[in-house]
Each structure stands twice: as C-alpha cells, then as structure tokens.
Amino acid sequence: VINEEALFEQLISSEAEIFGAARSPWGSVLQRLFHAQQAASSRSSPPPAHPRQIPIFPLPIGREYILQTVTKHPSPASRDCLQRMFVTISGSEFRMAYANTSDKTFL
C-alpha cells in the first residue's frame, strides 16, 4: 500500500528518487496526481477528441545533464579520481559546471 501523502511530502521537502520510473508504484501515484491536476485545471475546457492527446506530464522548462567519469588525473600513474560535469539548458540560459579531483601524490 502506497501512502500518497507521504510521497507528496517527500517530493516537496527534497528530491525523491523513484526506482522504476513511471512503471513503479510511486510512478503510478505521480501519474494519478498529474491526471487529477490536469482534470481540475481543464474542467472549463472541452475534453479532447482523443484521450492520448493529453500529455501525462507537463513539458520540461529545462534539461539537466550530468556526466560523471573516473580517470587517472593528472598522469596515468595517478590514482583513479572522480570527474563530473553538470550542464543545465533552459530557455535562453546555458550553465555548465565542472568539478574534478586530482591525485596530489603524483604531481
């Protein structure tokens, strides 16, 4: 049994990881919440000819990409070090951040 209120509180307070995405029990709850919201907001408009025309989730206002790898830095003799790149694209904005680590022993 899934507690919808607990999921809602978790989503509002912080990020929540949903394993299995839309096919998981939590994903089903989120889809029902979105459908209920869309039905409530579109009561004044006529129903669409084909139900599939209603998107399940709203269109994203941006996209975020995270590239993560482990490499030997600064030389091939160094230990494995974590490297990350974060990219956010939205509307007229593009942000990129890079975080790396290096092995100071082999400098």
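A residue counts as buried under 20% relative accessible area, as exposed over 50%, and as partly exposed in between. By that rule Glu93, with a relative accessible area of 35%, is partly exposed. The model described here is predicted. The protein chain has an average pLDDT of 77, and 74% of the residues score at least 70.

**Confidence**

- Helix 1, residues 4-13, is where confidence is lowest in the protein chain, with a mean of 71.
- Strand 3, residues 93-100, is where confidence is highest, at 93.
- Where pLDDT is low, the predicted coordinates should not be read in detail.

**Salt bridges**

- The structure holds 3 salt bridges.
- One of them joins Arg95 and Glu93, whose closest N and O atoms are 3.0 Å apart.
- Arg95 is exposed because its relative accessibility is 52%, and the cut-off for exposed is over 50%.
- Glu93, the partner of Arg95, is partly exposed because its relative accessible area is 35%.
- Another salt bridge pairs Lys72 with Asp80, with 3.2 Å between the closest N and O atoms.
- Lys72 has 42% relative accessibility, so Lys72 counts as partly exposed.
- Asp80 has a relative accessible area of 52%, so Asp80 is exposed.
- Asp103 and Arg79 also form a salt bridge, and their closest N and O atoms lie 3.4 Å apart.
- This pair links distant parts of the chain, 24 residues apart: Asp103 is in the segment after strand 3, and Arg79 is in the loop between strand 1 and strand 2.
- Asp103 counts as buried because its relative accessibility is 0%, and buried means under 20%.
- Arg79 counts as exposed because its relative accessibility is 55%.

**Cis peptide bond**

- His73 and Pro74 are joined by a cis peptide bond, with an omega of about 10 degrees.
- Pro74 is located in the loop between strand 1 (62-72) and strand 2 (80-90).

**Nonpolar surface patch**

- A nonpolar patch on the surface is formed by Tyr65, Ile89, Phe94 and Met96.
- Together these residues have about 440 Å² of accessible area.
- Met96 belongs to strand 3, the strand where confidence is highest.
- Met96 is exposed because its relative accessible area is 54%.

Note on methods: Residues numbered from 1 in each chain as written. Predicted model: local features only at pLDDT ≥ 70, side-chain atom pairs only at ≥ 80, totals over all residues. Heavy atoms only, no water. pLDDT = per-residue confidence, 0-100. Helix = DSSP H or I, 4+ residues; strand = E, 2+ residues; numbered from the N terminus. Patch = residues over 30% accessible without salt bridge, like charges linked within 9 Å, V, L, I, M, F, W, Y side chains within 5 Å. Areas by Shrake-Rupley, 256 points an atom, 1.4 Å probe, with all protein chains shown as cover. Salt bridge = Lys/Arg side-chain N within 4 Å of Asp/Glu carboxyl O. Buried < 20%, exposed > 50% of the residue type's maximum accessible area, 1.4 Å probe, protein only.
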